[in-house]
Amino acid sequence: MPLSRWSSRHKKTFGKKKEKWDGNFRLPPKPDSYYTETKGSCRWCGDVILKEDGTINTRKSWHEDCATEYLLIYHSGEQRAQLWNRDKGKCNHCGCENRTWHADHIKPLVEQKHVKEKDLDWSYYSLDNLQTLCKSCHRKKTNSEVKLRGKRKPVYKKWSK
Ligand SMILES: [Zn+2]
Ligand SMILES: [Zn+2]
């Protein structure tokens, strides 16, 4: 169940023509099923959406969990809502609790830069790869990433507990 509001703007994208991915690794390409013109099949996973009695629900075009996954990737508001729900603003590195917490990708998304569409690693975009960091820990991590960049060393190893 998505935590942010599932607004009408998502309905407006129904039946959209497929666009070519612009290569932006922060917004990975949407699956072909996203562009479906059929109601009752999920725009994220492509599977059929069933009602409790086992018949196809032709009024829906998303599974609840799939909508959550989708929003987590494409809408930063949902990202923050999910993180808050899990971590309550507590820094995953130093443990401090701060109102100005940051959402951080443990394995930095930038590692997906220049990766071909078919080779994208979707684990980078999951909630498991997101953590809450306080401002100062986030800055330190970002700085260490900049230093390590180009050395082909996975940065997150240094940061995982
Ligand atoms: Zn689905
Ligand atoms: Zn911290």
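Is tryptophan 122 buried, partly exposed or exposed, going by its relative accessibility? With a relative accessibility of 36%, tryptophan 122 counts as partly exposed, where buried means under 20% relative accessible area, exposed over 50% and partly exposed in between, computed with a 1.4 Å probe on protein chains only. The model is a predicted one, in which local features need pLDDT of at least 70 and side-chain atom pairs count only at pLDDT 80 or more, while totals for chains, interfaces and linings use all residues. Residues are numbered from 1 along each chain as its sequence is written, chains are lettered from A and ligands numbered from 1 in the order in which they are written, and side-chain values use heavy atoms, with hydrogens and water left out.

Tryptophan 122 forms an aromatic pair with tyrosine 125 that is tilted, at 5.7 Å centre to centre and 55° between the planes, and tyrosine 125 is buried at 4% relative accessibility. Rings of Phe, Tyr and Trp (its six-membered ring) pair if their centres lie within 6.5 Å, and planes under 30 degrees apart count as stacked, over 60 as edge-to-face and the rest as tilted. The structure holds 10 aromatic pairs. Another of them joins tryptophan 44 and tyrosine 74 edge-to-face, with 6.2 Å centre to centre and 80° between the planes. This pair links distant parts of the chain, since tryptophan 44 lies in the loop between helix H1 (8–12) and helix H2 (64–74) and tyrosine 74 in helix H2, 30 residues apart; helices (H or I, at least four residues) and strands (E, at least two) are DSSP runs, numbered from the N terminus. Ring pairs link a cluster that includes Trp44, Tyr74, Trp122 and Tyr125.

The metal sites come next. The zinc ion (ligand 1) is coordinated by Cys42 (SG), Cys45 (SG), His63 (ND1) and Cys66 (SG), at 2.1 to 2.3 Å, where donors are N, O and S atoms within 2.8 Å of the metal (3.2 Å for Na, K and Ca). Its four donor atoms subtend angles of 100 to 120°, which makes the arrangement tetrahedral, a term used for four donors if all angles lie between 85 and 135 degrees.

Cysteine 94, in the loop between helix H3 (76–87) and strand S1 (102–105), and cysteine 134, in the loop between strand S2 (130–133) and helix H4 (135–148), are 40 residues apart and link distant parts of the chain. Cysteine 94 is partly exposed at 45% relative accessible area, while cysteine 134 is buried at 6%.

Helix H4 has buried residues, among them Cys137, His138 and Leu148. Seen down the axis of H4, the buried residues fall within an arc of 130°, so they line one face of the helix; the arc is that of the directions from the helix axis to the C-beta atoms. On the other side of H4, Lys135, Lys140, Val146 and Lys147 are exposed.

Terms used: Four donors count as tetrahedral if all angles lie between 85 and 135 degrees; four count as square planar and six as octahedral if opposite donors are over 155 degrees apart and all others between 65 and 115; anything else is irregular.
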